[in-house]
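Please look over the sequence and the structure below before reading on. The briefing that follows takes up the overall make-up first and then turns to individual pairs of side chains.

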Amino acid sequence: MKAADFWLAASRNRNFVLGLAITLIIIAMAAMSYVWTPYDVTQLNIAGKLKGPTADHWFGTDHFGRDIFSMIMVGARNSIAVALVAVVIGVGIGVPIGCWAATHSGLPDEILMRGNDIIFAFPALLSAVMITAIFGPGAINAIIAIGIFNIPVFARLARGEALSLWQREFILAARAAGKNPLRITVEHIVPNMANILVVQATIAFALGILQEAGLAYVGLGTQPPFPSWGKMLNEAQTMMSFAPHMAIVPGLAIVITVFGLNLLGDGLRDVLDPKLTRARN
């Protein structure tokens with residue numbers, strides 16, 4: 001699909017437009033936190049702790065007097081960074097594995113897929129527990145845990161798509177022309193599965209945000225003094241009765257971000273595969 005045709009179709013898809021708008025706002029907020037936040041997130045102000053939303057503190061303050069809006073901005077940066085790198089790991093390792101398995105049927109394919117099943121049996125949280133037990137908690141270990149979880153997801157997807165594409169006539173023509181499997185994979189297989197990989201990457205990105213928040217919630221993700229949405233929820237759970245804003249704001253941040261990414265993924269799927277839109281109609 002040409003770029004002009006893509007953007008024309010995308011502009012007519014409500015899910016894509018709304019999802020892209022939400023995602024861009026979150027990304028812009030995270031990017032802005034590198035150069036500016038209303039308040040320093042590492043500065044404590046005990047005298048101003050647990051204040052509700054005011055003109056000075058739009059989302060209130062936490063139990064240390066830190067500005068929650070500033071923490072949300074920095075937390076968005078951390079969540080996006082962890083989820084994005086984890087998706088890159090999943091795509092960068094999983095797709096080559098899946099494509100290789102599709103061209104090597106028999107025992108090699110079976111060994112790779114069973115290995116994927118073993119990895120997939122360990123959710124990101126369990127992987128993070130094991131990694132943390134060895135290396136200690138932190139954002140890097142969260143990235144590794146989520147990235148490892150993403151590898152079999154993309155490997156299975158790439159293998160299934162590649163097996164289907166290898167039966168297509170244009171691939172048979174490429175083989176008849178003397179192209180080797182590696183060249184066919186790079187020039188024909190991967191480009192023709194790019195659409196579905198982009199959609200899956202968007203969905204995995206949304207799941208990565210949730211997984212990072214979950215790991216931070218149990219103390220295995222981003223560590224203080226750097227804010228994290230999951231850590232903010234953990235700190236707020238004992239203060240719901242007298243400072244509900246401490247939990248509501250980061251909770252809404254997670255919900256809105258994941259909602260926007262899911263809408264974006266649905267929109268991309270509809271735009272990149274018009275057959276789905278026709279089937280729904």
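The protein chain holds 11 helices and 0 strands, where helices (H or I, at least four residues) and strands (E, at least two) are DSSP runs numbered from the N terminus. This is a predicted model, in which local features need pLDDT of at least 70 and side-chain atom pairs count only at pLDDT 80 or more, while totals for chains, interfaces and linings use all residues. Residues are numbered from 1 along each chain as its sequence is written, and side-chain values use heavy atoms, with hydrogens and water left out.

**Overall make-up**

- Taken along the principal axes, the C-alpha atoms of the protein chain fill a box of roughly 75 × 50 × 35 Å.
- Of the 281 residues in the protein chain, 45% are buried, a term that means under 20% relative accessible area, with exposed meaning over 50% and partly exposed in between (1.4 Å probe, protein chains only).
- Among contacts with a separation of 6 or more, 68% are between residues 24 or more positions apart, a contact being heavy atoms within 4.5 Å.

**Asp-109 and Arg-159**

- The structure holds 9 salt bridges, each defined as a side-chain nitrogen of Lys or Arg within 4 Å of a carboxyl oxygen of Asp or Glu.
- One of them joins Asp-109 to Arg-159, with the closest N and O atoms 2.8 Å apart; because Asp-109 lies in helix α4 and Arg-159 in helix α6 (residues 139-165), this pair ties together parts that are 50 residues apart in sequence.
- Asp-109 counts as buried at 9% relative accessibility, whereas Arg-159 counts as partly exposed at 23%.
- Leaving aside neighbours within four places in sequence, Asp-109 is in contact with Ala-101, His-104 and Arg-159.

**Arg-156 and Asp-117**

- A salt bridge also joins the side chains of Arg-156 and Asp-117, at 2.0 Å from N to O, and this pair links distant parts of the chain, with Arg-156 in helix α6 and Asp-117 in helix α4, 39 residues apart.
- Both residues are partly exposed, Arg-156 with a relative accessible area of 41% and Asp-117 at 27% relative accessibility.

**Arg-269 and Asp-266**

- The side chains of Arg-269 and Asp-266 meet in a salt bridge of 2.5 Å, N to O, and both residues lie in helix α10 (residues 245-272), 3 residues apart, about one turn of the helix.
- Arg-269 is partly exposed at 27% relative accessibility, and Asp-266 is partly exposed with a relative accessible area of 28%.

- Salt bridges that share partners join Glu-110, Arg-114, Asp-117 and Arg-156 into one network.
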